[in-house]
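Open the model in your viewer and follow the stops below in order. Each one says what to select and what is found there.

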Amino acid sequence: MISTHILLSLWSLCLPSQSVEALGFEASIDNLQSHVRFLADDQLLGRSTPSPGLNRAAEYIREEMKRVGLAPVANSYFQTGEVKAFQEASDPGRIKLKKPQSTIRVVKKFRSVFPLPRSIQLQDLLIVRAKNLTELGRASKQHAVVLDRPPNSMAEMVHYISAGCAVILLTSALAPQEHSELHMLSQYFKVPVVMLNDEQDWDFLTESTHIDVSLNAHSERKVKVHNVVGQIRGTDADLKEEYFVVGAHYDHVGHALGHGFPRGSLGQDKNDLIWNGANDNASGVAALLECARLMMKSPPRRSVLFVAFYGEEAGFLGSRSFVAATPIALKSIVAMLNFEQLGRIDDNSRPADIPKGSIAITGYNYSTLPAQIAETAVNDSLHVYRHPQLSDAYFYRSDNAPFAQANIPAHTISLSYDFPDYHNAQDHADRLDYAHLNQVTGFLARAITTCANRDDAPKWLIKAIP
Ligand SMILES: [Zn+2]
């Protein structure tokens, strides 16, 4: 473990001209709570990209940015992009199960998990019931593979999808995050995955059954989605042309309502079908809005751009489109700090010798920024640390990644990499530690102000871009 308990002597050398202690940055628990409660409310249905709940969240964040006094960028608080949305056909198609010397059974309740860009007709497929990966060796283009349980991991699912079968039939539920992960994979593998929702059909899926599958294409449309941006203009005549970006994703993985899940594989509460994403990542957005409010009181020398991203859970869609078409010149962005999962201190992944509630930064040794952030923690009785394994492993796991790929020192700051309820329907607003989130938010406002006040901009220490 490389501890980042920073030496006081180092701190005094780096103290900027304006004492950040004098700024009196006190975050408000009430503000943080009401931001998280709004974003994680059931009414927003888990904020998947794209969805009406996501857009309601965007409007809320825009109004809050206006309220705290952030200025728009290029005359707007929205940087608007488009994503594809797929709609299932009203007639999904036909699946027929044919046993030798027996009647034909028509499957009534099914849905395809992947969006289908094209209709599919497959006749007389044979069935392979795959209990494990080695059995998959028998599958060919003439086979439907039946999976009786959700895949243990996406890596396992990739094996199934790439096994070369014609179709995969699932007889168990997939949670929404598995849908979104499969959705991403479907770009690379063209095998349809179909969930059969009626238990009575499952008994027919023996290896003597032949099966006809005809699936109608989903309709595709483009839907507008928004990154929400606001800025604080810097106070220094020269440095104000440089930007420090503070980011947090506001989307989550959605809900399972109306999916017709046949089994209760959806976490502790079978009736809870909405993935609220309170810690992931309403907490990060709440901290971003509250940091913006505090920093408005005493703007730093550099300008600061606050960006709430859509589509992180679907593969950094919002941050990628932001970097591809920044509303300010890309080269004026000198650093990026991304807020993730700041509201819970019950971290499954925290090393035993790290105090509870410590703050982790990804790619800790990659640039000078993490150590600069950590310097400020000395006065806050907070620990900022490098996780010995996960600091590097998580560097490309959030919205800092597209910035880093554009050669901007960019990191994600979190309280936990893996908390109970991660990507689970019970990631609820009442499970957050608001007192700690409050302390961390005040610290972040001071730390970012300190960094944005420095004469020198953050620099890469090692080449982190592959
Ligand atoms: Zn997240």
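Select helix H2, residues 29-39, together with helix H7, residues 278-296. In this predicted model, their axes come within 9 Å and cross at roughly 135 degrees. H2 and H7 are therefore oblique to each other, and their crossing is right-handed. To see the contact itself, show the side chains of Asn31, Leu32, His35, Val36 and Leu39 on H2. On H7, the partners are Ala278, Ala282, Ser283, Val285, Ala286, Leu289 and Glu290. Coloured by class, this contact of H2 with H7 shows 8 nonpolar, 3 polar and 1 charged residues.

Stay on H7 and select Asn281, which lies in that helix. The peptide bond that leads from Asp280 into Asn281 is cis, with omega near 5 degrees.

Next, go to the loop between H2 and H3, where Leu45 is placed. Is Leu45 buried or exposed? A count of other C-beta atoms within 10 Å gives 20, and 20 or more is the cut-off for a buried residue, so Leu45 is buried.

Move along to Pro50, which is in the loop between H2 and helix H3 (52-68). Select Thr49 with Pro50: a cis peptide bond joins the two, and omega is about -5 degrees.

For another positive phi, select Asn407. Asn407 is found in the loop between helix H11 (400-405) and strand E16 (410-414). The phi value of Asn407 is near 75 degrees, positive in a residue other than glycine. Asn407 has 14 C-beta neighbours inside 10 Å, so it counts as partly exposed.

Now select helix H9, residues 369-377, and pick out Ile373 within it. Ile373 is buried, with 26 other C-beta atoms within 10 Å. Which residues are in contact with Ile373, leaving aside neighbours within four places in sequence? They are Ile361, Val384, Ala447 and Cys451.

Then select helix H12, residues 434-453. How does the span of H12 compare with what 1.5 Å a residue predicts? The 20 residues of H12 should span 28 Å, and the end C-alpha atoms are 28 Å apart, which agrees. Colour H12 by burial: 16 of its 20 residues are buried, so the helix is largely enclosed by the rest of the structure.

Finally, clear the selection and show the whole protein. There are 12 helices and 16 strands in it. Of the 466 residues, 49% count as buried.

How values were computed: Residues are numbered from 1 along each chain as its sequence is written. This is a predicted model: local features need pLDDT of at least 70, side-chain atom pairs count only at pLDDT 80 or more; totals for chains, interfaces and linings use all residues. Axes are lines fitted to C-alpha atoms, for helices over the stretch in contact, and angles run from 0 to 180 degrees between N-to-C directions. Helices (H or I, at least four residues) and strands (E, at least two) are DSSP runs, numbered from the N terminus. Angles under 35 degrees count as roughly parallel, over 145 as roughly antiparallel, 65 to 115 as roughly perpendicular and the rest as oblique. A crossing is left-handed if the near helix is turned anticlockwise from the far one by less than a right angle, and right-handed if clockwise. Two residues are in contact if their C-beta atoms, placed from the backbone, lie within 7 Å. Ala, Val, Leu, Ile, Met, Phe, Trp, Tyr, Cys and Pro count as nonpolar, Asp, Glu, Lys and Arg as charged, and the others, Gly among them, as polar. The expected span of a helix is 1.5 Å times one less than its number of residues. A residue is buried if 20 or more other C-beta atoms lie within 10 Å of its own, exposed if 12 or fewer, and partly exposed in between; C-beta atoms are placed from the backbone.
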